[in-house]
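Open the model in your viewer and keep the selection panel at hand. The tour goes stop by stop.

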Amino acid sequence: MNNKVKLIRVSKNLQQKDLALKVGISRQTLSLIEKGRYNPSLKLCVSIAEALDSDLNSLFWKV
Amino acid sequence: MRKTKDSLYVRIIKHTYGIHGYFDEYKKQEVNRIGNNAFIILFILFFLQMFSTVFLVSLLDADDVLTVLLFTDLLIFFTIIFYVNIAVSRLKLDQVEAYDNNDYNFKINKFKRKCILMAFNFFICERILFFILDLLSNDKHLTIPQLIISPRENIVWGISAIFVGITNYFVYKHKIKK
């Protein structure tokens, strides 16, 4: 599933490790999500959106 | 999703599969898949073993059948371990993430302590096991202190324990990703 997680993370000057720590997942999992190779659960999507001060629509909807 | 203390169940799973760090939903999903595959392999192999034992009973002596069963059990055990290890390392689930140099040094030191403890435990376990075996087959009629102090056994298992500790240290070190 394509998404804008990487785009928004970079725009907020956050490194992968920082976001991974904030969300409570491994860097490997975050990397897979950013590449669209792993579809996260809704719970994890919400956590990522909260950590990035964003919303689900901007991150995951019709990218 | 903040880091919380792992439950005993999660700690057992992480230890069994050799997973380090967060046990997040991706790792959980992959571990479930690997576990299911391992169960299917185990089920098929045990079924074949049971089926072949029925035929072997009519062809071989009971002692031989027991020996065959023992070795096939070991073969099945190592097949499962091999599959799980390959699957876990292919998906890099056993990788250790170090966030900066301090974290890297902290993890290296932690692994050093872990490997020393592992080598010590290995030495104690092997010495107890071989002490019991020596005691049961004590054809030279040695006393218990003689069996415990035995320099040859202690040196051999001491060197083996050091080898186990050093090997594990390098394996762990290889898994750390900066």
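Start with K14(B): at 13% relative accessibility it counts as buried (buried is under 20% relative accessible area, exposed over 50%, partly exposed in between, with a 1.4 Å probe and protein chains only). K14(B) sits in helix α1 of chain B, residues 8-17. Helices here are DSSP runs of H or I of at least four residues, strands are E runs of at least two, and both are numbered from the N terminus. Show the neighbours of K14(B): D6(B), I19(B), G21(B) and F23(B) touch it, leaving out residues up to four places away in sequence. Contact means heavy atoms within 4.5 Å.

A note on what is on screen: this is a predicted model, where local features need pLDDT of at least 70 and side-chain atom pairs count only at pLDDT 80 or more, while totals for chains, interfaces and linings use all residues. Residues are numbered from 1 along each chain as its sequence is written, chains are lettered from A and ligands numbered from 1 in the order in which they are written, and side-chain values use heavy atoms, without hydrogens and water.

**Loops of chain B**

Select G18(B), in the loop between α1 and α2 of chain B. G18(B) is partly exposed, with a relative accessible area of 24%.

Go on to Q95(B), in the loop between α3 (62-90) and β1 of chain B. Is Q95(B) buried or exposed? Q95(B) is buried, at 18% relative accessibility. Beyond four places in sequence, Q95(B) touches H20(B), K175(B) and K177(B).

**A helix pair in chain B**

Select residues 101-136 and 151-175 of chain B: these are helices α4 and α6, packed at about 150 degrees with axes 8 Å apart. Axes are lines fitted to C-alpha atoms, for helices over the stretch in contact, and angles run from 0 to 180 degrees between N-to-C directions. The angle makes α4(B) roughly antiparallel to α6(B) (under 35 degrees is roughly parallel, over 145 roughly antiparallel, 65 to 115 roughly perpendicular, the rest oblique). The contact of α4(B) with α6(B) holds 14 nonpolar, 5 polar and 7 charged residues. Ala, Val, Leu, Ile, Met, Phe, Trp, Tyr, Cys and Pro count as nonpolar, Asp, Glu, Lys and Arg as charged, and the others, Gly among them, as polar.

**A helix pair in chain A**

Switch to chain A and pick α2 (residues 16-23) and α4 (residues 42-51), which pack at about 120 degrees with axes 9 Å apart. α2(A) and α4(A) are therefore oblique to each other. Show side chains: L19(A), K22(A) and V23(A) of α2(A) meet L44(A), S47(A), I48(A) and A51(A) of α4(A). By class, that contact has 5 nonpolar, 1 polar and 1 charged residues.

**Helix α3 of chain A**

Next, select residues 27-35 of chain A: this is helix α3, with 8 of its 9 residues buried. Among the buried ones are L30(A), L32(A) and I33(A). The buried residues of α3(A) pack against elements of chain A and also α2 (25-59), β1 (96-97) and β2 (176-177) of chain B. Just after α3(A), G36(A) has a positive phi of about 75 degrees.

**The interface**

Last, colour the contact between the chains. About 1,600 Å² is buried between chain A and chain B, and carbon and sulfur atoms give 50% of it. Buried area is the accessible area (1.4 Å probe) that two parts lose on being put together, summed over both. R27(A), Q28(A) and Y38(A) supply 37% of the area that chain A buries against chain B, more than any other three residues.
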